[in-house]
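This report covers a pocket, the aromatic pairs and a few selected residues. The structure comes first, and the description follows.

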Amino acid sequence: MCLIRPFFSADTQSCTAILALAGRDAFGPVAGSAAFTAATQGEAVLVAERGGIVTGFAAVYTGDAPDYFLHHLYVHPAHSGQGIGAQLLAAVVACHGLHLSLKTQLANTGARRFYARAGWVEDAADRGVDAIGAWIRVRYRQ
């Protein structure tokens with residue numbers, strides 16, 4: 001278990017490192033804390049902390065309430081496979097309700113399996129291609 005809590009500015013360096021390591025395939029290169037700050041601007045950010053170390057984060061765009069968009073969910077690779085991502089995802093649902101969706105790259109089979117195990121459903125009618133590649137919308141389903 002880990003502590004899931006709101007993001008504080010002191011978490012920026014840790015979250016930047018996590019985004020640079022865990023998010024590079026899905027999000028592209030991250031060149032410092034300014035990139036993290038820009039990537040999460042206007043988003044509600046939660047962090048996972050274990051033993052005083054930030055191990056992951058999730059950021060949700062809330063500007064289209066009540067339809068929220070999970071923009072980021074990353075766990076530091078050194079802490080993957082320990083249930084931290086599942087705890088973050090559950091906290092996002094608890095904080096932001098049932099009208100959540102996200103986009104994931106079709107090639108990111110690990111993320112697609114992760115969300116499916118958590119009960120999220122791919123929306124085959126909502127897909128596209130961005131600078132990184134083909135993506136599909138995934139929606140929270142109660």
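Helices here are DSSP runs of H or I with at least four residues, strands are runs of E with at least two, and both are numbered from the N terminus. By that numbering, Thr12 lies in helix 1. The model is a predicted one.

**Thr12 and its surroundings**

Thr12 has a relative accessibility of 16% and therefore counts as buried, the limit being under 20%. Setting aside neighbours within four places in sequence, its contacts are Phe7, Ser33, Phe36 and Thr37. Thr12 and Phe36 are 24 residues apart in sequence, while their C-alpha atoms are 7.5 Å apart in space.

**Aromatic pairs**

Six aromatic pairs are found in a search of the whole structure. In one of them, the rings of Phe7 and Phe36 have centres 5.8 Å apart and planes at 40 degrees, so this pair is tilted. The pair links distant parts of the chain: Phe7 is in the loop between strand 1 (3-6) and helix 1 (12-22), whereas Phe36 is in helix 3 (residues 33-39), 29 residues apart. Phe7 is partly exposed at 25% relative accessibility, and Phe36 is buried with a relative accessible area of 1%.

Another pair is formed by Phe114 and Tyr115, with 5.0 Å from centre to centre and 70 degrees between the planes, an edge-to-face arrangement. Phe114 is buried at 18% relative accessibility, as is Tyr115 at 8%. Ring pairs also join Phe7, Phe36, Phe57 and Tyr74 into a cluster.

The accessibility values for the residues of these two pairs, and for other residues in this report, are listed below.

| Residue | Relative accessible area | Class |
|---|---|---|
| Phe7 | 25% | partly exposed |
| Thr12 | 16% | buried |
| Phe36 | 1% | buried |
| Thr104 | 5% | buried |
| Phe114 | 18% | buried |
| Tyr115 | 8% | buried |
| Tyr140 | 21% | partly exposed |

**The largest pocket**

The largest pocket has a volume of about 890 Å³. Its lining has 33 residues, and those closest to the pocket centre are Leu73, Tyr74, Asn108, Ala111 and Tyr115.

At least two lining residues come from each of helix 2 (24-27), strand 4 (68-75), helix 4 (84-96), strand 5 (100-105) and helix 5 (109-117). Strand 4 gives the most, with seven residues.

Thr104 is in strand 5 and is buried, at 5% relative accessibility. Beyond neighbours within four places in sequence, Thr104 is in contact with Ala111, Arg112, Ala134, Trp135, Ile136 and Val138. Trp135 also takes part in a charge-ring arrangement: the charged end of Lys103 sits over its ring, 4.3 Å from the ring centre.

Tyr140 is in the segment after strand 7 (134-139). At a relative accessible area of 21%, Tyr140 is partly exposed. Not counting residues up to four places away in sequence, Tyr140 touches Val93, Leu98, Leu100 and Trp120. Tyr140 and Ala118 are 22 residues apart in sequence, with a C-alpha to C-alpha distance of 8.7 Å.

Key
Residues numbered from 1 in each chain as written. Predicted model: local features only at pLDDT ≥ 70, side-chain atom pairs only at ≥ 80, totals over all residues. Heavy atoms only, no water. 1 Å grid on protein atoms, 1.4 Å probe; cavity = no way out; pocket = protein on both sides within 12 Å on 5 of 7 lines; lining within 4 Å. Points joined across faces, edges and corners; volume = space filled by probe spheres on them. Phe/Tyr/Trp six-rings, centres within 6.5 Å; stacked < 30°, edge-to-face > 60°. Buried < 20%, exposed > 50% of the residue type's maximum accessible area, 1.4 Å probe, protein only. Lys NZ or Arg CZ within 6 Å of the ring centre and 35° of its normal. Contact = heavy atoms within 4.5 Å.
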